[in-house]
Amino acid sequence: MTEVRFHLPGLRYNFPLNMYWLNLQKQYPDYFRDGVKVVSFFGSFPFSLWNGGRLIVNDQCDAEFVKRVVSSINGKGIPVRYTFTNPLIKEEDLDDAFCNYCMKVADNGMNEVLVFSPLLEEYIREKYPSFKIDSSTCKELRDVDQLNAELEKDYRYVVLDYNMNNNWDLLENIHHKEKIEVLVNALCIPNCPRRGDHYKNIAINQKIMEQNKKLPKERQKKIVPWTCEYGDRNCIHTIQDYSTYVSPEMIWEKYVPMGINNFKIEGRTANIFSLVETYAHYMIKPEHQGEVRVLMLKNLELAGVISENKPRPAVFKEP
């Protein structure tokens, strides 16, 4: 049976959900679509200056949390993939203590880094050669010749620009389909003109946040605001009319027979209810999706990850 390989989001907020998901597949393998295999968890630990793609404000992981999460994920035989795709990295940023600590904790030959900046890529290859390197969708490679040139480089995976999804003639001309990774649930509108600027906005704000750590409160800068009328409201049910949406049927009936079997689900900072819906949509057989949604939410409630507010009892006094 061909493996249908999924890369799942989150090392911080989604960590409990992802670990439960692994246990669910072990306990109920028949609920899952044919060939489903979780092959990485991607993201970063706040606050990571090298992080890209999602802005995380007012959070910081301690050393023990980082070690515990990396150890737990690797203990399941799954790589941690750091999403270090900040496009505005400078030379002085390479010495960042927390990012280097995260790299050292995961420096065991099993883990990966997703990169964008050539400067950071060169630094990681030299200082942490045991890490496998992946090429980010942030590079926005939309030409098949550019993409094939990227695939010839020393990358384990190259994440396809989401605008190339479902472009079957183009995909047929890709040389190393086994190295392609498809982002299946991009919340951005097709050909979003602001996508690159959004990545830069995140990088700028991370630099502001780093500088604010060293300043008294009254001298701290405000982050540069960003709103998106599409990405801020979209979910798996609102993107299905987009030309870039990849359905489960497309995965099993088109991509896998073509030789592409790596699929990325975005959602590092997504609402957890939305993420449960997305995981079930892609990886669970339709007849079991409702049962799995309820089962997962119950488990997350029992673990204290989500909570149900109940009315407070009172004392009745006759009026």
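## Elements and model

Helices (H or I, at least four residues) and strands (E, at least two) are DSSP runs, numbered from the N terminus. The model is a predicted one.

## Asp59

Asp59 sits in a loop. That loop runs between strand 2 (36–43) and helix 2 (63–75). Is Asp59 buried or exposed? Asp59 is buried, because its relative accessible area is 17%, and buried means under 20%.

The side chain of Asp59 has a polar contact with the side chain of Arg12, at 2.8 Å. Leaving aside residues up to four places away in sequence, Asp59 touches Arg12, Tyr13, Pro46 and Phe47.

## Cavities

Rolling a probe the size of a water molecule over the atoms shows where empty space is left. The model has three cavities of 30 Å³ or more. The largest cavity holds about 60 Å³ of space.

Which residues line the largest cavity? Gly10, Leu11, Arg12 and Tyr13 belong to the lining, as do Gly43, Ser44, Arg54 and Ile56. Arg268 and Thr269 complete it. By class, the lining of the largest cavity has three nonpolar, four polar and three charged residues.

## Largest pocket

The volume of the largest pocket is about 920 Å³. Its lining counts 44 residues. Closest to the centre of the largest pocket are Gly53, Arg54, His198, Glu266 and Thr269. Helix 7 (195–212) and helix 9 (272–283) are the elements that give two or more residues to this lining. Helix 7 has the largest share, with six residues.

The lining of the largest pocket divides into 19 nonpolar, 18 polar and seven charged residues.

## Second largest pocket

The second largest pocket contains about 210 Å³ of space. How many residues line the second largest pocket? There are 18, and Lys37, Val38, Val39, Gly77 and Ile78 lie nearest its centre. Strand 1 (4–9), helix 1 (15–27) and strand 2 are the elements that give two or more residues to this lining.

Strand 2 contributes the most to the lining of the second largest pocket, with five residues. The classes in this lining are seven nonpolar, five polar and six charged residues.

Technical notes:
Residues numbered from 1 in each chain as written. Predicted model: local features only at pLDDT ≥ 70, side-chain atom pairs only at ≥ 80, totals over all residues. Heavy atoms only, no water. 1 Å grid on protein atoms, 1.4 Å probe; cavity = no way out; pocket = protein on both sides within 12 Å on 5 of 7 lines; lining within 4 Å. Points joined across faces, edges and corners; volume = space filled by probe spheres on them. Nonpolar A, V, L, I, M, F, W, Y, C, P; charged D, E, K, R; others polar. Buried < 20%, exposed > 50% of the residue type's maximum accessible area, 1.4 Å probe, protein only. Polar contact = N/O pair within 3.5 Å; in protein donor to acceptor, adjacent residues only side chain to side chain. Contact = heavy atoms within 4.5 Å.
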